[in-house]
Amino acid sequence: GSEMCIRDSATHVTVSVDHVIESFRNDLYEGYKSSDGMEDEILSQIPLMEDALVALGVPVWPMVKYEADDGLAAGALIAAADSRVDQVQILTPDKDLGQVVLGDRIVQFDRRQDLIINEEAVHTKFGVGPQSIADWLGLVGDTADGFPGLPGWGAKSASSVLAQYLHIENIPDAAEQWAHDGVTVRGAAKLATTLSEQREMADLFKVIATVVTEVDDDVDLGSVDDWQWRGPTKDLAKIAASLEMTDLVERAERAMIGR
């Protein structure tokens with residue numbers, strides 16, 4: 001991914017990685033995704049990938065307490081606060097990173113579909129804006145991360161209710177109040193009962209779904225100037241050979257032309 005965005009003339013590139021799979025979220029909820037059942041082959045590739053990126057001259061953020069997505073979110077905010085930056089692109093379509101999308105300034109880029117996800121696209125996709133994404137995930141769940149959300153709550157019901165109330169804590173317990181406020185959603189009474197009985201779980205899932213944007217107690221991300229790509233290091237040839245990617249050096253050097 002980093003090599004592609006260098007080739008596409010990005011001037012500053014960083015990669016946030018799950019140095020270990022477990023994070024503080026595993027302490028919050030037992031079912032949260034972990035390294036259990038992951039193939040050894042995949043786990044053994046993480047340090048190789050980190051070494052290859054460093055050799056390519058790309059700063060790596062090895063997250064331990066937090067997760068790769070937290071690093072990306074925190075880094076995106078640092079970059080967006082720098083007036084010299086034209087646009088911040090987060091190179092993942094992960095749902096949870098929709099919460100840091102900001103207009104056209106912080107966007108997600110889905111490489112597989114060659115798609116920019118800006119704030120308007122987040123609204124179109126989820127029926128709510130970035131400020132409600134963690135709430136939406138808290139209610140609906142995220143199977144990729146291993147938390148189920150609340151029974152009966154799905155994408156449509158969460159979108160309809162949050163479009164009115166923005167956050168889980170603002171949603172009234174009584175379905176009659178929903179109707180009074182103009183929320184029309186199928187099975188409202190049952191959904192309202194489930195939420196009122198399981199608010200603690202909903203709040204917990206929201207915390208799990210919320211990206212952390214202050215990660216200094218895990219990794220020092222530095223500033224935008226630290227992320228400028230200045231070309232590969234001399235170690236790249238050796239690492240490329242060990243990975244049997246002999247054309248990597250040539251591709252990296254080609255990307256340096258005209259910089």
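Is lysine 65 buried, partly exposed or exposed, and at what relative accessibility? Lysine 65 counts as partly exposed, at 38% relative accessibility. Here, buried means under 20% relative accessible area, exposed means over 50%, and partly exposed lies in between (1.4 Å probe, protein chains only).

Before the close-ups, a word on the model. This is a predicted model, in which local features need pLDDT of at least 70 and side-chain atom pairs count only at pLDDT 80 or more, while totals for chains, interfaces and linings use all residues. Residues are numbered from 1 along each chain as its sequence is written, and side-chain values use heavy atoms, with hydrogens and water left out.

**View 1. Lysine 65 pairs with aspartate 217 in a salt bridge.** A salt bridge is a side-chain nitrogen of Lys or Arg within 4 Å of a carboxyl oxygen of Asp or Glu. In this pair, the closest N and O atoms are 2.6 Å apart. The two residues link distant parts of the chain, 152 residues apart: lysine 65 sits in the loop between strand 2 and helix 4, and aspartate 217 in the loop between helix 10 and helix 11. Helices (H or I, at least four residues) and strands (E, at least two) are DSSP runs, numbered from the N terminus. Aspartate 217 is partly exposed, at 48% relative accessibility.

**View 2. Lysine 33 and glutamate 67 meet through their side chains.** Their salt bridge has an N to O distance of 3.1 Å. This pair also links distant parts of the chain, 34 residues apart. Lysine 33 belongs to the loop between helix 2 (24-28) and helix 3 (40-55), and glutamate 67 to the loop between strand 2 (60-63) and helix 4. How accessible is each partner? Lysine 33 is partly exposed at 27%, whereas glutamate 67 is buried at 6% relative accessibility.

**View 3. Aspartate 247 forms a salt bridge with arginine 251.** The closest N and O atoms of this pair are 2.8 Å apart. Aspartate 247 is partly exposed at 35% relative accessibility, and arginine 251 is partly exposed at 26%. Elsewhere, salt bridges that share partners join Arg25, Lys33, Glu67, Asp70 and Asp145 into one network.

**View 4. Helix 12 has buried residues along one face.** Helix 12 covers residues 248-256, and Leu248, Ala252 and Ala255 are buried in it. Why do these residues line one face? Seen down the helix axis, the buried residues fall within an arc of 60°, so they line one face of the helix. The arc is that of the directions from the helix axis to the C-beta atoms.

**View 5. The largest nonpolar core has 33 residues.** A nonpolar core is a set of buried Ala, Val, Leu, Ile, Met, Phe, Trp, Tyr and Cys residues joined through side-chain atoms within 4.5 Å. Leu139, Trp153 and Trp178 have the most contacts inside this core. Helices 5, 6, 7, 8, 9 and 10 each supply at least two of its residues, and the largest share, five residues, comes from helix 6. Apart from this core lies another, of 21 residues, among them Met63, Tyr66, Ala80 and Ile90.

View 6. Methionine 201 and leucine 150 are 51 residues apart in sequence and 7.8 Å apart in space, C-alpha to C-alpha. Methionine 201 is partly exposed, with a relative accessible area of 32%.

**View 7. Glutamate 244 has a positive phi, near 55°.** Most residues other than glycine have a negative phi. Glutamate 244 is found in the loop between helix 11 and helix 12, and is exposed, with a relative accessible area of 72%. Leucine 166 also has a positive phi, near 65°. Leucine 166 lies in the loop between helix 7 and helix 8 and is partly exposed at 36%.
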